[in-house]
Amino acid sequence: MISGLVKRNTYQDSVNLMLLSTKLTEMEGVRKVSIMMGTPANKDIFRNTGMYSAEFDLANPNDICISVDTDSPDMLKSISEKLEEFISDLSSKSSATQLKKAKSLKGALKKIEDPNLALVSIPGEYVFDEGKKLLNENMNLFIFSDNMDFCEEKELKELARDKGLIVMGPDCGTGIISGVPLAFANVVNKGNIGIVGASGTGIQEVSSIISRLGGGISHAMGIGGRDLSEEIGGISAKIALDYLANDKGTEVIVFISKPPAEAVKNSIVEKLKVIGKTAVALFLGEEEKGPEDNLHYAATLEDTANLAFYLSRKKSVYKGRVKELEERLDLIRLNQRQKSVHGYYGGGTLAGEAKLILKKHINKPGCKIIDFGDDEYTKGRPHPMIDPGTRIDAIKGLKDNGEVAVVIFDNVIGYGSSTDMAGSLGPHIKEVLEYKRKNGRDIIFIASVCGTEDDVQVYSKQVEELEKAGVTVMSTNAQCAKLAHEIMEYLDGDWKHEESYSGLLGEDLRVINVGLESFGKTLYELDVNLVQYNWTPTAGGNKDLQRMLQKLENI
């Protein structure tokens, strides 16, 4: 038997009421308890689940509706008493917190200066009107609420885009902005991997694996499960990718999605290819395929995390070293002719690898990778791994060469090689550097040492000797060439290291939490600037009347 009760003018968050419903259903003598606010959508749920009672006919969205399936006539009274205890307990816990609170948006705006983010967790049918108000106050939106109309979702997202803002959601469960967790998120390392996801638990799985591997997350932006539908067209996904593309702390971008609309997926793929950063894409259910330029594909969440971690380690090494050299590179960039890279190699295969990595640059005028072990350089001379003479001559010639910005070379040690190649090349490198600096210029030398500590030349001693001469030493030849590539990108103006506009990601968070207080408490404990807006439906929940009142306010 279904019994119903209405508690007037006592608005409570729907999540709290659902949790209470589950708890009370466990009581002896009860088959099921359903407690929800008296919104039109909730009344439909009561009807569709066979839990509707005639008492709900006159209930409005500010009234709590209690439905109990029981054979005991006294059980409704007992359930009502438990509800009173629950509400009282929630009230006392809320009063005990030090959150700044407001009962209206105007009140919230008076308690926080220039808020830039609103967390919204109110019934979906009221999100559109509230969301427009928040966007018009120049706040980005993180919408946890679900059951929004597609047209309303699209209109909110288009308004946000026109205002230079973003709407994450609706039905967005996960986010991490500058280390601050939003809704459901894990404690992860800060790092250089940015994530955009239409899957909340997908973001959590990937970010957690990356963190356990020792990598880190710059930002993780949930966009809601419907953003990649044909109706929405990936509006928020594209904005989020632009944000990460412009964020100086993000070097690798991960995109996670359940199967999207084909046309939308294709537009996202094209955007990832031209975004200017290494990217990993996972479209769940699709087979893994080979990389396309900067874009790599994965087939599972685990593969996505592993691949992103691997790529992020490489990017952080090279970008970090470029930043270390930034002052010197800016001096080089002042001389507009100084845009060439040279490679002076003793090992033919190492020279070939460097050519492949630097293929974009070595075809430019003045750029070259020389294998001094090739026949044309060894006629009548010892091999360059034995005799440093040909490379010393090349290094000396750099004194008056105003075009070369970067020089890379190898130092292959071990049996048969020079007993101290670094000791032979080092003084000449140091002399060139001193000459350049005396004339207000500079040049970057980068090297790798191929060998071990057990070689007679001793790996660490060779590294030390080169670094003492002013050489930047990388652990492998590939890293040596890739750093040179990053430096050339920097000098060409294609490598963006300076802070550029990245929307919400470039600012400290100033948050208005609209709805679930538990989300606000998490942010409060993390010292985020926050106001808790204890939202309730105005005008008895009548949406037409609410809009009329809104128009009157704007007159």
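In this predicted model, the largest cavity has a volume of about 40 Å³. The count of cavities of 30 Å³ or more comes to one. Its lining is formed by Ala281, Leu282, Phe283, Glu286, Glu287, Glu288, Lys289, Tyr297 and Ala298. Two elements each give two or more residues to this lining: strand S13 (278-283) and strand S14 (295-298). S13 gives the most, with three residues. By class, five lining residues of the largest cavity are nonpolar and four are charged. No polar residue takes part in that lining.

Elsewhere in the chain, the strands were examined for pairing. Strands of a sheet pair through backbone hydrogen bonds, in either a parallel or an antiparallel manner. Here, an open sheet is built from five strands, in the order S16-S15-S17-S18-S19. The pairing is parallel. Strand S16 (368-371) and strand S19 (472-474) stand at the edges. Each has a single partner strand, so one side of each is left without a neighbour in the sheet. On average, neighbouring strands of this sheet are turned by 20° against each other, direction ignored.

Ser448 stands opposite Met474 in S19.

Helix H12 (residues 348-357) lies across strand S15 (340-345), S16 and strand S17 (404-412). Its direction is at about 170° to that of S16.

Methods. Residues numbered from 1 in each chain as written. Predicted model: local features only at pLDDT ≥ 70, side-chain atom pairs only at ≥ 80, totals over all residues. Heavy atoms only, no water. Pairing = 2+ DSSP bridges. Helix = DSSP H or I, 4+ residues; strand = E, 2+ residues; numbered from the N terminus. Axes fitted to C-alpha atoms, helices over the stretch in contact; angles between N-to-C directions. Contact = heavy atoms within 4.5 Å. 1 Å grid on protein atoms, 1.4 Å probe; cavity = no way out; pocket = protein on both sides within 12 Å on 5 of 7 lines; lining within 4 Å. Points joined across faces, edges and corners; volume = space filled by probe spheres on them. Nonpolar A, V, L, I, M, F, W, Y, C, P; charged D, E, K, R; others polar.
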